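Here is a short briefing on one protein model. Keep the sequence and the 3D view side by side as you read.

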Amino acid sequence: ALLDEQGVLLVLPEGRRDDLNYAFWSSTSACCGSTTSDPHHLEDATYIRGLAEHLLRKHPTISRLRVYAWGFSNGGFQSLRMACLHADLFAAVASTAGAHALDSDEAATCKPS
C-alpha cells in the first residue's frame, strides 16, 4: 500500500463516547466537553501523548521530528490543544473546521514552538 511504500504510520484514534455513542474529545469548553467541568478533561491529551510515545518506542525508526497531529472539527480542536500542551512531541499540527479556543487556564501557558 502507499503508506507502506512511503514509510508512513497512520494512526486514527477515536475519542471517548457520549451518552448517544458519539465519539468526542474533551478539548475545550467551546466544543464537545468542558475542560472545567469534565473531570476527565486531561485524560484525552494524556491518552494521545501516551499513544504517540508508545508508537515511537515500538517503531524506533520513526523520527520524533516527523510526528504530526491533524483533526477535523472536534478533532481539530484537540489537535490544536495538543500543540499547546505537548509542543515538545509534535513537529506540527493542523486543524480542519476546528478553532483554537483554549480555556483561560491553558491559554495562559500555551507555548507551541
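A nonpolar core is a set of buried Ala, Val, Leu, Ile, Met, Phe, Trp, Tyr and Cys residues joined through side-chain atoms within 4.5 Å. Buried means under 20% relative accessible area. Keep both ideas in mind for the core described below. The model is predicted.

**Overall layout**

- The protein has four helices and four strands.
- Along the sequence, these elements follow the pattern α-β-β-α-β-α-β-α.
- The protein has 113 residues, and 36% of them count as buried.
- Its accessible surface is about 7,200 Å². Carbon and sulfur atoms hold 57% of that surface.
- Take the contacts in the protein with a separation of 6 or more: 52% of them join residues 24 or more positions apart.

**The nonpolar core**

- In soluble globular proteins, nonpolar side chains tend to be buried together.
- Which residues form the largest nonpolar core here? There are ten: W25, A45, I48, A52, L56, V67, A69, M82, L89 and F90.
- Helix α2 gives the most to this core, with four residues.
- Look at A69, one of the core residues. Leaving out residues up to four places away in sequence, A69 touches S79, F90, A92, V93 and A94.

**The largest pocket**

- Rolling a probe the size of a water molecule over the atoms shows where empty space is left.
- The largest pocket has a volume of about 1,200 Å³.
- Its lining is made of 35 residues. Those nearest the pocket centre are L9, L10, V11, Y68 and A69.
- Which elements give two or more residues to this lining? They are β2 (23-24), α2 (41-58), β3 (68-72) and α3 (74-85).
- The lining divides into 22 nonpolar, eleven polar and two charged residues.
- A69 is listed in the largest nonpolar core, and A69 also lies among the lining residues nearest the pocket centre.

- S73 sits in the loop between β3 and α3.
- Is S73 buried, partly exposed or exposed? Its relative accessible area is 29%, so S73 is partly exposed. That class runs between the 20% and 50% cut-offs.
- Apart from its neighbours within four places in sequence, S73 is in contact with T96, A97 and G98.
- S73 and F24 are 49 residues apart in sequence. Their C-alpha atoms are 9.9 Å apart in space.
- T28 is in the loop between β2 and α2.
- T28 has a relative accessibility of 1%, so T28 counts as buried.
- T28 and A99 are 71 residues apart along the chain, and 9.8 Å separates their C-alpha atoms.

**Positive phi angles**

- Most residues other than glycine have a negative phi, and most peptide bonds are trans. Two residues are worth checking against that rule.
- N21 is not a glycine, yet it has a positive phi of about 70°. N21 lies in the loop between β1 (16-17) and β2.
- A97 is not a glycine either, and it has a positive phi of about 60°. A97 lies in the loop between β4 (92-96) and α4 (104-107).
- Is A97 buried or exposed? With a relative accessible area of 58%, A97 is exposed, because exposed means over 50%.
- A97 is also one of the residues that S73 contacts.

Definitions and conventions: Residues numbered from 1 in each chain as written. Predicted model: local features only at pLDDT ≥ 70, side-chain atom pairs only at ≥ 80, totals over all residues. Heavy atoms only, no water. 1 Å grid on protein atoms, 1.4 Å probe; cavity = no way out; pocket = protein on both sides within 12 Å on 5 of 7 lines; lining within 4 Å. Points joined across faces, edges and corners; volume = space filled by probe spheres on them. Nonpolar A, V, L, I, M, F, W, Y, C, P; charged D, E, K, R; others polar. Buried < 20%, exposed > 50% of the residue type's maximum accessible area, 1.4 Å probe, protein only. Contact = heavy atoms within 4.5 Å. Areas by Shrake-Rupley, 256 points an atom, 1.4 Å probe, with all protein chains shown as cover.
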